[in-house]
Amino acid sequence: MRRLTDAGYTAYLAGGCVRDQLMGNEPTDFDVATSARPEEIKEVFPRAHAVGESFGVLLIRRHGHTIETATFRTDGPYSDGRHPEEVHFSDAEHDARRRDFTINGLFQDPLTGRIIDFVGGQTDLQSRTLRAIGDPHDRIHEDRLRMLRAVRFTARFGFSLEEATADAIRQHAENLKGVSRERIGQEVRRMLLDQNRAVAAWELQYLGLDETVLGESNLTVAPTRLGQLPEPVEYATALAAWIFDRHGESVEADKAAKRWRRALMLSNAEYDALKDALDYSRALRTSWPRLGIARQKRIAASPPFNQALLLVQTADRQEFIDIRRRVLDLEKTGLAPEPLLSGDDLIEAGMTPGPEFRRILDGVYDAQLEGQIRDPESALELAWLIRRTLAGDGGTD
Ligand code: ATP
Ligand code: MG
């Protein structure tokens, strides 16, 4: 920025990084806004890499950091409800006014520390208010994604959403349909991974955005299970908690998971994790106490178990404690010990490989988990016994 300034241009830190610093948070990245045109930025930084030259955005790599540097601009008319048709290079004040919320519209001169505030962002930061810059209707009409950004920032910072901005969102909630499912999914993922995820869920419901976001009817239930989750959790776990809040643990939950998969563009891995979270947590609450040692050990050692247990915790603290105690007990004899017997051992002992191998090995491993066998010799004896039983002859082999 000193180099831009020395070359005669104005250069300010802009947007999120100024906001974060004023709030006492470490910014994740630094964006620079400058009076220099793209070609002028390139004169100062010949290796600057253009990412959106028509928008005047260049990436400058220095000391392992990538700084997004953009020319002050005014956005032209929006026709698709998401992107401006064209932009015009302009001055700092116009560049502040094209931004979404007052707390995101601040500049800072890093050489003096001075804050440049054309939009009242400092007052709103102090009163912890999220407010659209200018007329909220116009701003949402231009770019509908701002409705979700409003919810995300409000929840993340624990701010209140200013009345007129909230009203405008409620009125435009329907129009969120025009935004791509990818972008909606990305916003929801960021909301639910944040520790204030329940506030975000509540706001989405309260503003009527849940209907389009989730592809189902508007519901204003308290997202209490979502709010009980510790920090951090997997995305799928947060989705499962919110599904339970909205639909209970019945088959409705599974139907919702299918809808959410499409609505939020979940990856196959995320959807599988979501189904596991729903299934395992319900099984832990219903069948678990009646299962034998081997089944319990297998479940407790399976990948979905820990996240599923977090979901149990959001429903019933005592059930959670009982399961935890039980698992600590099971751990004393090993949840997933090295098997005493392998397929190679069976072949070496003279058995012909076949489809029954899996069942023999499973049976032997169950006995090992139950503590009924403790050495390879008794494991092999049991393997022969199971094999005879499977063959149904009960005779000699
Ligand atoms: P985060 O910490 O989530 O990255 P951020 O404020 O840096 O927060 P970005 O999405 O990185 O958010 O955007 C950087 C800046 O660009 C914002 O602070 C805001 O000034 C402006 N901006 C981003 N998206 C929009 C939008 N859809 N409409 C208007 N201005 C936007
Ligand atoms: Mg950012």
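Tutor: A charge is taken to sit over a ring if NZ of Lys or CZ of Arg is within 6 Å of the ring centre and within 35 degrees of the ring normal. The model is a predicted one, and in it the charged end of R170 sits over the ring of Y206, at 5.0 Å from the ring centre. R152 likewise lies over the face of F153, with 4.9 Å to the centre of that ring.

Y12 belongs to strand β1 (residues 11–14), whereas F72 is in the loop between β5 (65–71) and β6 (73–75), so the pair ties together parts that lie 60 residues apart in sequence. Buried means under 20% relative accessible area, and therefore Y12, with 11%, is buried; F72, with 3%, is buried for that reason as well.

The rings of F101 and F153 have their centres 6.3 Å apart and their planes at 70°, so this pair is edge-to-face. Distant parts of the chain are linked by it, since F101 is in the loop between α4 (92–97) and β8 (106–108) and F153 is in helix α7 (residues 145–157), 52 residues away. F101 and F153 are both buried, and ring pairs join F101, F153, F157 and F159 into a cluster.

The C-alpha atom of R82 is 4.3 Å from that of D143, although 61 residues separate R82 and D143 along the chain. Once its neighbours within four places in sequence are left aside, R82 is in contact with E142, D143, L145 and R183, and because its relative accessibility is 19%, R82 counts as buried.

From α9 the contact draws on G185, V188, R189, L192 and L193, and from α13 on Y235, A238, L239 and W242; by class, it has 7 nonpolar, 1 polar and 1 charged residues. In the loop between α12 (224–228) and α13 is P232, which a cis peptide bond joins to E231, with omega about -10°.

The axes of helix α17 (residues 305–315) and helix α18 (residues 317–331) come within 6 Å and cross at roughly 145°. Here F305, L309, V312, Q313 and A315 of α17 meet R317, E319, F320, I323, R324 and V327 of α18, and the residues of this contact divide into 7 nonpolar, 1 polar and 3 charged.

Finally, the backbone deserves a look. Most residues other than glycine have a negative phi, and most peptide bonds are trans. R128, which is not a glycine, has a positive phi of about 55°; R128 is in the loop between α5 (121–126) and β10 (129–130), and with a relative accessible area of 41% R128 is partly exposed. M265, also not a glycine, has a positive phi of about 55°, lies in the loop between α14 (251–263) and α15 (268–286), and is partly exposed at 40% relative accessible area.

How values were computed: Residues numbered from 1 in each chain as written. Chains lettered and ligands numbered in written order. Predicted model: local features only at pLDDT ≥ 70, side-chain atom pairs only at ≥ 80, totals over all residues. Heavy atoms only, no water. Contact = heavy atoms within 4.5 Å. Helix = DSSP H or I, 4+ residues; strand = E, 2+ residues; numbered from the N terminus. Nonpolar A, V, L, I, M, F, W, Y, C, P; charged D, E, K, R; others polar. Buried < 20%, exposed > 50% of the residue type's maximum accessible area, 1.4 Å probe, protein only. Phe/Tyr/Trp six-rings, centres within 6.5 Å; stacked < 30°, edge-to-face > 60°. Axes fitted to C-alpha atoms, helices over the stretch in contact; angles between N-to-C directions.
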